[in-house]
Amino acid sequence: MEVVISIAIGVLAGSGVWLLLRPRTFQVLLGLALLSYAVNLFIFATGSLSIRAEPIIVPGQPADLLHYTDPMPQALVLTAIVIGFATTALFLVVLLALRGLSGTDHVDGREEAR
Amino acid sequence: MNGPAANAVTHLIAAPILLPLLSAALMLLGGARWRPQKAVLNVISCLAGAGICTSLLVAVDTAGAARAAWVYLPSNWPVPFGIVLVLDRLSATMLVLTAFIGLAALLFALSRWQRAGVHFHSLFQLQLMGLNGAFLTGDVFNLFVFFEVMLVASYGLLLHGSGERRVHAGLHYIAVNLVASSLFLIGAAMLYGVAGTLSLADIARKLGQIPSADRGLLHAGVAVLGIAFIAKAAVWPLNFWLLPAYTAASPPAAALFAVMTKVGFYAVLRIWTLFFPTGSSGTFLFGADALIWIGLATLAFGTIGVWGAQRLDRVVAFSLIVSSGTLLAAAGFAVPELTGGALYYLVGSTLAASAFFLLVELLERSRRLGDDPALSEVPREGAPFMESTTGPALPPDANLDDEERALIGRAIPAGLVFLSLSFAVCALVTAGLPPFSGFLAKVVMLTALLHPRGLWGGSVSAELAAWTFLALLIISGLAAMIALVRLGIRYLWAPQGRPPPALRISECLPVGMLLTLCVGLVIGAGPALRFTSSAAETLLRPERYIDAVMSARPVPPPPARKAEP
């Protein structure tokens, strides 16, 4: 499972960075979104991956990470998702504003000279 | 201090966050209406914030060196689990600086800029909340949350006034900061993975027990976190967003943004000194060389930029980069005297940069007026400094200039005098010339560099760094002086026959206030320097900070009252 998650994070982050470096604003937006997915998965994964473990300490079971999953990264990732969503939406608004003002979707507001 | 007074201070710690949050929420209820009422509320909130922050600073100062930090537990949970707000000398200094710059920027905005957008006042208060929260919080994740609050408000403020240039600069600024926030999250998650806690003091306490196999992970996490911070501190090579953003922003927003670069520096200083103190074994000053040399590169970059810039707002923006570089390099040496001088420099240079951003608008306006009077949109009414330069009829033997006008007895308009004097004070502080605080701060830093404890006779690279820093510090002052004298001649001296600038008292007041604070910093240099060096001592010996946080106990619940029979 660790390998699958690592590969997923790597692919997401790699595609995110590649899109981030593209000249079109929408590509940058998607890049930022993918990057934040990668980061969210990464945070989630720091709380030890386990199947069928609740983030609750059950009475009668020892309170270690073998028997329950760490609730902290889940709380963190929830906050990070909310904040990331809001800022990405804000970026989308600015993207549209720039498109309207400059008439092009290039990140610099004008096409490159050829 | 003990008893009820200390208790009051402890509770006041939450006020710099709650007050702006409350007033911003109230303002949002008004929607697009009630601008005058919002302005009044904003001013009241800023004044109250300045009062609270100053009283916190005074309380911290009067408590003496015995106490390093004040801790407030907002939700009354036991320490490593609940969130904490921590006030120490550094955060008190930053709070006061933010409060006064915020007040000045707001007063400046009241005369014109508040009308350029709907939610200016709410965004302004949220920005203050984010800044204050970042200075007060005691754990990594809340630092992230307050960074985001501050940044989201700053996106709005940067776009305030709209226009293609602002939107364009805003797009780049938002993209860069979103990536930096992602890095911040990665760093925070790695720290949590290694240390199992997010409280700064708790992480610092546990760092010694981390097995050497995990050390690499810890260092990588802190380095990723550091990259996120130095991108916000506008450190080379991650500072290319600063110039377009800060020069495009409306002047009140830019004045407030001058503090924002210092938040990045604050975070670096806080985390680095807590995690890798000079005494600890194994992790002794991890990354010190990197901090010093990155700081020096930033200093060099900013110096060249200041030297070459042809417009005043660009000079001011580059001077912020110079200031960031100086601070980072000075902090990297981890010598208390040097860090103390750097903190004093931080206060003075930030005040001067903010005043400069406000002044740029007034200067540019007088230039635009002079170049094309028909285009001037500045209303003449309510401009008390508008005075006529044409005096009474000349006596026949009067001393005349080239254009046959009287040379003696020609009134210099009061507005021009104000602009020139303010420009001179800002330039002297920025360039670090006597008698202002920039000079004193540089003297303190250079003295500390020349008499370092344990730095001389240390490694060759430390010595090389110290000499490079010394040279760059002096050269940066020279470059700022050359650039500012050149621009002063162009803006204030050379123009002939322009109508005097139309200034309002409400616009001059905030600039005057910031400059008075700069002068006050020189007059009170003794106490101020004592305070900043005490702050530096506390930073570089973090045991007392850690003890203060870890020994904070939640308030016990009140004893249950017996039910009345």
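Predicted model: local features only at pLDDT ≥ 70, side-chain atom pairs only at ≥ 80, totals over all residues.
1. Take the pair of helices 4 and 11 of chain B. Helix 4 covers residues 89-111 of chain B, and its axis lies 8 Å from that of helix 11. The packing angle is about 165 degrees. Angles over 145 degrees count as roughly antiparallel, and helices 4 and 11 of chain B are therefore roughly antiparallel to each other. On the helix 4 side, the contact residues include B:Met94, B:Leu97, B:Ile101, B:Ala105 and B:Phe108. Helix 11 of chain B answers with residues including B:Pro251, B:Pro252, B:Leu256, B:Val259 and B:Tyr266. By class, this contact has 15 nonpolar and two polar residues, with no charged ones.

2. Now follow helix 11 of chain B to helix 13 of chain B. Helix 11 spans residues 251-275 and helix 13 spans residues 312-332 of chain B. Their axes are 10 Å apart, at an angle of about 15 degrees. That makes helix 11 of chain B roughly parallel to helix 13 of chain B. From helix 11, B:Ala258, B:Thr261, B:Phe265, B:Val268 and B:Leu269 take part. From helix 13, B:Leu320, B:Ser324, B:Leu327, B:Leu328 and B:Ala331 meet them. Eight residues of this contact are nonpolar, two are polar and none is charged. B:Ala258 also belongs to the contact of helix 11 with helix 4 of chain B.

3. Chain A has three helices and zero strands. Read from the N terminus, its elements run α-α-α. Its radius of gyration is 19 Å, well over the 13 Å that the globule rule gives for 114 residues, so chain A is more spread out than a compact globule. Along the principal axes, its C-alpha atoms fill a box of roughly 70 × 25 × 15 Å. Buried residues make up 25% of chain A. Of the contacts in chain A between residues at least 6 apart in sequence, 52% join residues at least 24 apart.

4. Where do the two chains meet? In the interface, 20 residues of chain B are in contact with 27 residues of chain A. On the chain B side, helix 6 (140-159) and helix 7 (164-195) each give two or more residues. Helix 7 of chain B gives the most, with 15 residues. By class, the chain B side has 14 nonpolar, four polar and two charged residues.

5. Check the loop between helix 9 (212-232) and helix 10 (242-248) of chain B, where B:Pro237 lies. The peptide bond from B:Trp236 to B:Pro237 is cis, with omega near 0 degrees. B:Ala234 is found in this loop too. B:Ala234 has a positive phi of about 60 degrees, although it is not a glycine. Is B:Ala234 buried or exposed? With 28 C-beta neighbours inside 10 Å, B:Ala234 counts as buried.

6. Two further loops of chain B deserve a look. The peptide bond from B:Pro434 to B:Pro435 is cis, with omega near 10 degrees. B:Pro435 sits in the loop between helix 15 (414-431) and helix 16 (437-450) of chain B. B:Asn76, in the loop between strand 1 (69-72) and strand 2 (85-88) of chain B, has a positive phi of about 65 degrees without being a glycine. B:Asn76 counts as exposed, with 12 C-beta neighbours inside 10 Å.

Notes
Residues numbered from 1 in each chain as written. Chains lettered and ligands numbered in written order. Helix = DSSP H or I, 4+ residues; strand = E, 2+ residues; numbered from the N terminus. Rg over C-alpha atoms; globule rule 2.2 N^0.38 Å. Buried ≥ 20, exposed ≤ 12 C-beta atoms within 10 Å, placed from the backbone. Contact = placed C-beta atoms within 7 Å. Axes fitted to C-alpha atoms, helices over the stretch in contact; angles between N-to-C directions. Parallel < 35°, antiparallel > 145°, perpendicular 65-115°, else oblique. Nonpolar A, V, L, I, M, F, W, Y, C, P; charged D, E, K, R; others polar.
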